[in-house]
Amino acid sequence: MKILIIGLNHKTANVETREKLAFNGHKLEEGVFGLKKIPEVKEVAVLSTCNRVELYTCVSSTASAVENIKNFLSEFHNIQKTDFEKSLYIHTDTDAIKHILRVASSLDSMVVGEPQILGQLKDAFDFALSKKTTGVLLNKLMKKAISTAKRVRTETRIAENAVSISFAAVELAKKIFTDLSGKSFMLLGAGEMAELAARHLVNNGVTEVKVANRTYERGCELAKEFNGKAVRFEDFLNELVCTDIVICSTGAPTYVLHKEQMQKVMKERRHKPVFVIDISVPRNIDPEINKIDNIYLYDVDDLQGVVDTNMLERKKEAEKAEKIIDEEVEKFVKWMSSLDSVPTIVALRQKAEEIKLEEIEKFKNKFPEIDVEKMKAVEYMATAIINKLIHPPTVALKEDTDDRDELIAMIKKLYGINGDENEE
Amino acid sequence: MGIVFFEIALTFYFAATIIGIVDIFKGGKESSRLMLFITITGFATHSISIVFRYITAGQLPITSMHEASSFFAWCIVLIFFFLEHRYKIGIIGAFILPIVFILMLSSSIFPREISPLTPVLQSYWLPVHTFLAFLGNAAFAVACGIGTMYLLQEHYLKSKHLGELFKRLPSLQVLDEINYRLITIGFPLLTLAIITGALWAESAWGSYWRWDPKEVWSLITWFIYALVLHVRLTAGWRGKKAAILSIIGFLTILFTFFGVNLLLKSLHTFS
């Protein structure tokens, strides 16, 4: 049995191709059962997200399985094979194991370290389990992928740093105020990016929202969305006195907030810290205000700088994660190779059993007068002898050694076992 | 026997300080936990050494520089534990343990023999006055560590160069809050220490205040912390300014402790 992964993702296929090959809603069940019907496919699970479609399978023969799966995809999704063939990646055995472990740990994601993929993989696994389309090998592989992803999460800081401007703003706000609940927040202007950052702040607990926009009506609309209040643009300075976080994006060509104004505001608010985010280009807030004590001003470049640093950090952590994955792949490959000796052990046991039955039969024919009780004792003794005889080779076969293949061949030769009969 | 425990405690504090310094530059939860565990072990052996000394000397061991430095360090660790229990910020230890280690190291350098108490020190005021003073000063020592953390974190946020340490340091609000709390704990203790000291002076020498260098420097310290609290309440001085003042305050305490004892002639000079 071989592990085979066929798939495409955001790096290999455009969104149109990904959409066409996606297994959404009822298509998932049909797809999984359809794949299971392919003769070479023994086990299957399907992961379908907006960024990737991957088929995890265990197959008896790789080459023919790949062709049949491609044909199936073409037929099932009603798409020409040539339209998606180039976007596909195919991984087998060790490569396949490594691939699924990397996917689960989010090293293959668009944003490295994003946590959603693990949940999606768990769902795919649960679905396959509920439909009984997986077996020993895929179950073990999926569980290994999930546990490895958890190990990566706990042993590295891969997901700790914010990698979008809005999340960077939230991360910084938390380093100033700890808890954002109970903090007041003002949206100065109503740019799209500012709105997004505002949404993240509200999701992180900011309760009091004020919107000051040049067009008061637009301000009212936006304030309603955040369950906040609209403020007339002329009054925003007064409101700043009781505001902890400001996001500014007015689109004005000059500064709308100057150092002197802010100094006054700070005095009035008894120097309580203020976090000011200026995402307008050109900037709307005098950068000099960052020099005032307890004011922390970040413009869009500063935030981008934070994001870039965090990205670098993630890359460093990803290197650590790759090492963890290599370790786990090695463990899994060892486990898989231990499966190789199972058919030989079974055959050995069968052979011994056959010999025992044959010899007992001969014994019975030779001594027909022997009573039942004595016969039972003879059978018991024969069983004990074969058990003792096959115990050492069984133990040797189960041991994790480099020369396992040689050992298997030798045992087959010594005991005259025709291995093929017993293997799958 | 007490000396053996003292040496063991010194070794533990040294190890914890080293781990703390490593923790600042390249650490994580694990190293912070290890630092705390070693500090707890150090504190336990340190406490045993103080009990031994108490039994041998028959009085609270705070009458020589060796004893006073050691007891001061013990009080700081005690306050650190309270803080760690309340806020669970592992990295705090990295900023406080160096102070503890330096005090313990200086304690180990000073003569260790037990001298008999002079008649003036044979008073019930001795444990009361000194314990209050040490506990208050220990709160200020921890506030100094917290103030340093605040300045670092503030620097990261202002300069926008957010290093690895930035992520592991607590928020400005938490650091400012702890700093303020420690000063509000330390200040009444110092005030009470000064009052009990004055009462003791009156009973021993016949006057409440003699402008002794230690008294003067204690008063300067008291004014600095009174100023911290005053400007915080009246002018809203907080954050950076409060952090700087708490560091200056602690430097004054160190001078009062070491400078006055070693450089100036004072009635408080230890034997």
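**Notebook: two interfaces in a predicted model**

I began at the interface of domain 1 of chain B and domain 2 of chain B, where I find 1 salt bridge by the rule. I keep in mind that this is a predicted model. The salt bridge I looked up joins the side chains of Asp23(B) and Arg168(B), with N to O at 2.7 Å.

Next I went back to the division itself: domain 1 of chain B runs over 1-115 and domain 2 over 117-270, and the contact takes 32 residues from domain 1 and 33 residues from domain 2. I have the centres of the two domains, taken over C-alpha atoms, 19 Å apart. The area buried between them is about 2800 Å², with carbon and sulfur atoms giving 83%; on the side of domain 1 of chain B, Met65(B), Phe72(B) and Phe95(B) lose the most area to domain 2, together 22% of what that side buries.

I then turned to the aromatic rings, for which the count by the rule is 25 pairs over all chains.

Last, I looked at chain A against chain B, where the contact takes 28 residues from chain A and 27 residues from chain B. The two chains bury about 2200 Å² between them, 43% of it on carbon and sulfur atoms, and Lys175(A), Arg270(A) and Tyr296(A) supply 31% of the area that chain A buries, more than any other three residues. I count 3 salt bridges between the chains, including Lys241(B) with Asp293(A), whose closest N and O atoms are 4.0 Å apart. The polar contacts between chain A and chain B come to 18 residue pairs, both residues at pLDDT 80 or more. On the side of chain A that touches chain B, α8(A) gives the most, with 6 residues, and I list that side by class as 10 nonpolar, 7 polar and 11 charged residues.

Key
Residues are numbered from 1 along each chain as its sequence is written. Chains are lettered from A and ligands numbered from 1 in the order in which they are written. This is a predicted model: local features need pLDDT of at least 70, side-chain atom pairs count only at pLDDT 80 or more; totals for chains, interfaces and linings use all residues. Side-chain values use heavy atoms; hydrogens and water are left out. Domain bounds come from an automatic or database domain assignment. Contact means heavy atoms within 4.5 Å. Buried area is the accessible area (1.4 Å probe) that two parts lose on being put together, summed over both. Rings of Phe, Tyr and Trp (its six-membered ring) pair if their centres lie within 6.5 Å; planes under 30 degrees apart count as stacked, over 60 as edge-to-face and the rest as tilted. A polar contact is a pair of N or O atoms within 3.5 Å; within protein, one must be able to donate a hydrogen and the other to accept it, and residues adjacent in sequence count only if both atoms are side-chain atoms. Helices (H or I, at least four residues) and strands (E, at least two) are DSSP runs, numbered from the N terminus. Ala, Val, Leu, Ile, Met, Phe, Trp, Tyr, Cys and Pro count as nonpolar, Asp, Glu, Lys and Arg as charged, and the others, Gly among them, as polar.
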